Amino acid sequence: MLLSISLKSFVIVQELSLDFRSGLTTLTGETGAGKSIVIDALGLLLGGRAESAVVRHGAEKADLQARFAPPKNARAWLEEEALLGDEPEELLIRRSIDSNGKSRAWINGIAATLTQLKTLGEQLVDIHGQHAPQSLLRSEVQRELVDGYAESTGLAKDVAGLFKDWKNVVDELAIAENNAEAFDAERERLQWQVDEVSALQFTAAEWPELQAEHKRLHHAASLIEGVQSGLLMLADGDENCQSWLGSVAGRLSVLADFDAGISETLELLASAEAQMSEAVYALRRYSDHLELDPARLADVESRLDAIFRMARKYRVEPAELPEKLATWQNRLAELGGSAGLDAVRRRAQKLEADYRKAAKQLSASRKAAADKLSKMVTKELQLLALVGSRFEIALHAHEAPASFGLETVEFMVANHPTTPARAMAKVASGGELSRISLALQVITSQVANVPTLIFDEVDVGIGGRVAEIVGRMLADLGAARQVLCITHLPQVAACGFQQLQVSKTQSKSGVLSTIRMLSVEERIEEIARMLGGVEITGTTRQHAAEMLGVA
């Protein structure tokens with residue numbers, strides 16, 4: 001859940017720090033006061049696109065920071081990404097945006113990418129925007145909502161991937177069949193190239209080893225001469241370094257009896273003698289395996305010549321030959337290898353079968369979710385003053401397989417028990433659309449895995465008794481999740497476990513927006529303002545207190 005958020009020089013906020021609790025938190029304030037600032041800041045912290053306009057006028061940069069208690073799945077992801085930090089029970093996300101629109105992000109003090117922020121954000125917060133009713137009319141939004149409720153989003157992505165692979169092969173097959181001669185020519189050329197380079201049996205690992213061996217064999221005579229000369233000077237000559245060191249050490253050891261100050265020098269000489277002995281031993285061992293081998297040198301040079309000739313032929317560096325071979329092999333496999341077009345046809349059939357199998361699984365998942373969701377939304381609509389209305393999710397078989405599956409999803413509504421359901425866009429008024437959207441969002445949020453749910457003025461177009469029901473729905477949702485709701489309805493605000501007030505003031509430095517936690521007495525005043533407008537009477541305050549249950 002979200003524990004706290006801190007903003008500095010963000011839009012019309014100079015500096016702000018807020019702590020959050022579990023349950024339902026409502027944010028209220030006058031129109032234009034900046035109630036959505038917290039939501040906007042969270043959107044940026046969780047990977048949203050940054051612009052220079054979010055930096056407060058006159059400031060060099062905006063600093064945003066949020067602290068979360070991450071769920072288990074988020075902690076596991078953080079550990080995989082090496083972003084867990086020193087405090088596994090807490091998660092700190094920070095983002096800085098300068099006046100040029102450039103931004104930097106950190107997760108637990110470690111530099112992070114926007115992709116990482118987005119991936120993490122999907123596990124932490126689910127934001128339902130105030131424009132959800134309008135977006136709900138789009139078919140792709142309806143389909144994604146059903147897939148999300150069915151917990152089949154991953155399967156839907158798999159279906160889309162399989163469809164893409166299948167169509168790519170089908171397109172390639174069509175081109176190949178229309179250009180059979182060119183297809184066969186390319187396949188034969190690739191087969192010849194693969195056979196020729198494969199016969200070389202050359203690997204990327206062999207190249208540096210071959211070069212090192214050639215250098216050693218080519219300079220073997222110089223190596224032998226140098227090693228023998230070194231051994232003579234170090235140990236084997238009549239006058240050598242080892243005997244000189246021993247002689248000096250022997251003389252100084254006698255003098256050490258007269259002055260202990262020489263002892264340090266003796267210790268250094270003893271160390272030098274030991275290292276000298278190790279060096280001589282290592283050089284003798286190297287010398288034992290060093291010999292002239294003209295036959296092996298000839299073999300290595302012949303091998304290098306073959307590799308160089310092959311690399312020149314295909315205009316690549318020798319070390320790039322194995323990679324080139326792999327590219328040809330992959331392309332040859334795409335063209336069906338030695339089997340040609342028949343293999344490509346079989347691959348297309350296999351991919352189609354895989355696609356249809358996954359798509360049928362997705363269809364079954366959608367059918368079960370659509371039936372259940374239809375009943376639940378219909379039940380909620382009766383509570384939201386749409387008695388007799390019926391919500392249905394229709395799955396229409398698509399004319400041809402598509403990336404989204406074998407069917408389209410359509411939300412339908414009937415305004416009376418005896419009337420047939422029709423497309424929601426054609427029969428739902430603005431107020432009805434808002435209620436349907438809210439019911440869907442509340443129900444689908446119940447199966448979401450994220451711990452924090454945010455509703456940004458989703459109660460637009462709702463009022464009176466329905467508003468009170470909406471408030472209770474959100475409060476019930478807050479019993480299991482952390483819920484933040486920006487609202488203009490006093491009935492919804494009164495249902496909050498805590499209430500934040502957003503206000504805007506004019507100062508010398510410009511417009512300032514502030515947000516603060518309200519006490520019980522302050523909540524009464526705020527809800528009374530929402531109820532009565534400019535003139536707040538004692539009766540209005542009494543009504544506000546009754547709504548809060550403190551009268």
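Thr452 is buried, with 0% relative accessibility; buried means under 20% relative accessible area, exposed over 50%, and partly exposed in between, with a 1.4 Å probe and protein chains only. The residue sits in strand β12 (residues 452–456). Strands (E, at least two residues) and helices (H or I, at least four) are DSSP runs, numbered from the N terminus. The Thr452 side chain reaches the backbone nitrogen of Leu2 at 3.4 Å.

This is a predicted model: local features need pLDDT of at least 70, side-chain atom pairs count only at pLDDT 80 or more, and totals for chains, interfaces and linings use all residues. Residues are numbered from 1 along each chain as its sequence is written, and side-chain values use heavy atoms, leaving out hydrogens and water.

Arg138 lies in the loop between α4 (132–135) and α5 (139–149). Arg138 is partly exposed, at 43% relative accessible area. Its side chain makes a polar contact with the side chain of Glu140 at 3.0 Å. Such a contact is a pair of N or O atoms within 3.5 Å; within protein, one must be able to donate a hydrogen and the other to accept it, and residues adjacent in sequence count only if both atoms are side-chain atoms.

Helix α13 (residues 321–334) has 14 residues. Its buried residues are Leu321, Pro322, Leu325, Trp328 and Leu332. They lie on the same side of α13, because they cover an arc of only 120° around the axis. That arc is taken from the directions from the helix axis to the C-beta atoms. The face turned away from the buried side carries exposed Glu323 and Asn330.

On a 1 Å grid over the protein atoms alone, a cavity is a set of points where a 1.4 Å probe fits but cannot get out; a pocket is an open set with protein on both sides within 12 Å along at least five of seven lines; lining residues have an atom within 4 Å of a point. Grid points are joined across faces, edges and corners, and a volume is the space filled by probe spheres set on the points.

| Space | Volume |
|---|---|
| Largest pocket | about 1400 Å³ |
| Second largest pocket | about 190 Å³ |
| Largest cavity | about 30 Å³ |

The largest pocket is lined by 39 residues; Asp126, Glu144, Leu145, Gly148 and Thr153 lie nearest its centre. Helix α5 gives the largest share of that lining, seven residues. Among the residues lining the second largest pocket are Lys35, Glu457, His488 and Arg529. Leu381, Leu386, Ser389, Val413, Asn415, Glu432 and Ile436 line the largest cavity.

Terms used
Expected span 1.5 Å × (residues − 1).
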